[in-house]
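Student: I have a structure open and would like to go through it piece by piece. Can we start with the loops?

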Amino acid sequence: MGAMAQSPPARLDRTDLTILRELQNDGRLSNLELSKRVNLSATPCLNRVKRLERDGFITGYGAFVDPEKLDAALMVFVEIVLDRTTEHVFEEFKRAISDIPEIVECHMLSGGFDYLIKARVRDMAAYREFLGTSLVSLPSVRESHTYVVMEEVKCTTAIPIHVT
C-alpha cells in the first residue's frame with residue numbers, strides 16, 4: 001500500500017513563526033509564558049501550539065545533556081564509502097546503524113563518499129573499540145575516514161526562523 005497523500009501544511013503567520021522560534025529556544029516554556037511572548041491569550045496560544053504539533057511543524061521536545069557527564073565526550077565524524085550503491089545495500093546499511101547507540105547522526109550524501117556519521121564515545125580508546133566492533137562490521141562498508149572533533153565551536157538544533 002502506498003503512502004497516503006498529504007495536503008500541504010497550513011501557511012504560517014508571524015505568530016506561528018514566533019511560537020516556533022520561542023519553543024526552539026526553550027521547549028519548557030509554560031503556555032502562559034509563551035502566550036505573553038507572542039502577545040496572545042493562553043487558549044489561542046495553546047490551540048496554535050496543538051495545531052503546529054498536529055501539522056508536523058513541531059515534531060517533539062527534548063532535553064540537552066552534557067556529553068562529558070555521560071561518558072561521551074569524544075565526538076567523531078566518519079565518512080563511509082560502500083562497496084556497492086544499490087537500494088538493497090542502502091536499506092541494509094540503514095538497518096544496521098539504527099541499532100548502534102554511539103551513532104547520534106547519519107546522513108546519506110552526494111559526492112566523494114556515501115554516508116557521514118556523527119558518533120559520540122568516551123575517549124579515543126573507546127573509539128578504537130567502536131571502530132573495530134561496530135563500524136568495520138557494517139554491511140558493505142568498503143572504507144571509512146575518521147575526523148576527530150578537537151573543539152565544538154557551534155552546536156544547535158534550532159532551525160533559523162525569520163519573523164518579518
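Student: Where is Asn39 found?
Tutor: Asn39 sits in the loop between H2 and H3. This is a predicted model, and in it Asn39 has a positive phi of about 65° although it is not a glycine.

Student: Is Asn39 buried or exposed?
Tutor: Exposed: the relative accessible area of Asn39 is 71%.

Student: Which other non-glycine has a positive phi of about 65°?
Tutor: Ser140 has one, about 65°, and is not a glycine either. Ser140 belongs to the loop between H5 and E4.

Student: And is Ser140 buried or exposed?
Tutor: Ser140 is buried, with a relative accessible area of 14%. The cut-off for buried is under 20%.

Student: Back to H3. What span should its 13 residues have?
Tutor: At 1.5 Å a residue, helix H3 (residues 42–54) should span 18 Å. The C-alpha atoms at its ends are 18 Å apart, which agrees.

Student: Which residues of H3 are buried?
Tutor: Cys45, Arg48, Val49, Arg51 and Leu52 are the buried residues of H3. Viewed down the axis of H3, they fall within an arc of 160°, so they line one face of the helix.

Student: What do the buried residues of H3 pack against?
Tutor: They pack against helix H1 (14–25) and helix H2 (31–37).

Student: Which exposed residues are on the face turned away?
Tutor: Thr43 and Arg54 are the exposed residues carried by the face of H3 turned away from its buried side.

Student: What follows H3?
Tutor: Gly56 follows H3, and its phi is positive, near 85°.

Student: How many bridges link E1 and E4?
Tutor: Strand E1 (residues 74–82) pairs with E4 over 7 bridges, in the antiparallel sense. Val81 stands opposite Glu143 in E4, and Val76 is opposite Val148 in E4.

Student: And E1 with E3? How many bridges there?
Tutor: E1 and E3 pair over 7 bridges, also antiparallel. The bridge partner of Leu74 in E3 is Val121.

Student: How many residues of E1 are buried?
Tutor: 8 of the 9 residues of E1 are buried, and E1 is mostly covered.

Student: Now the largest nonpolar core. Which members touch the most others?
Tutor: Phe93, Ile117, Tyr127, Phe130 and Leu135 do, in a core of 20 residues. E1, helix H4 (87–98), strand E3 (115–121) and helix H5 (124–135) each give two or more residues to this core. E1 gives the most, with 5 residues.

Student: What does Phe93 touch?
Tutor: Leaving out residues up to four places away in sequence, Phe93 touches Ile80, Leu82, Cys106, Tyr115, Ile117, Leu138, Pro139 and Val141.

Notes
Residues are numbered from 1 along each chain as its sequence is written. This is a predicted model: local features need pLDDT of at least 70, side-chain atom pairs count only at pLDDT 80 or more; totals for chains, interfaces and linings use all residues. Side-chain values use heavy atoms; hydrogens and water are left out. Helices (H or I, at least four residues) and strands (E, at least two) are DSSP runs, numbered from the N terminus. The expected span of a helix is 1.5 Å times one less than its number of residues. Buried means under 20% relative accessible area, exposed over 50%, partly exposed in between (1.4 Å probe, protein chains only). The arc is that of the directions from the helix axis to the C-beta atoms. Contact means heavy atoms within 4.5 Å. Two strands pair if DSSP finds at least two bridges between them. A nonpolar core is a set of buried Ala, Val, Leu, Ile, Met, Phe, Trp, Tyr and Cys residues joined through side-chain atoms within 4.5 Å.
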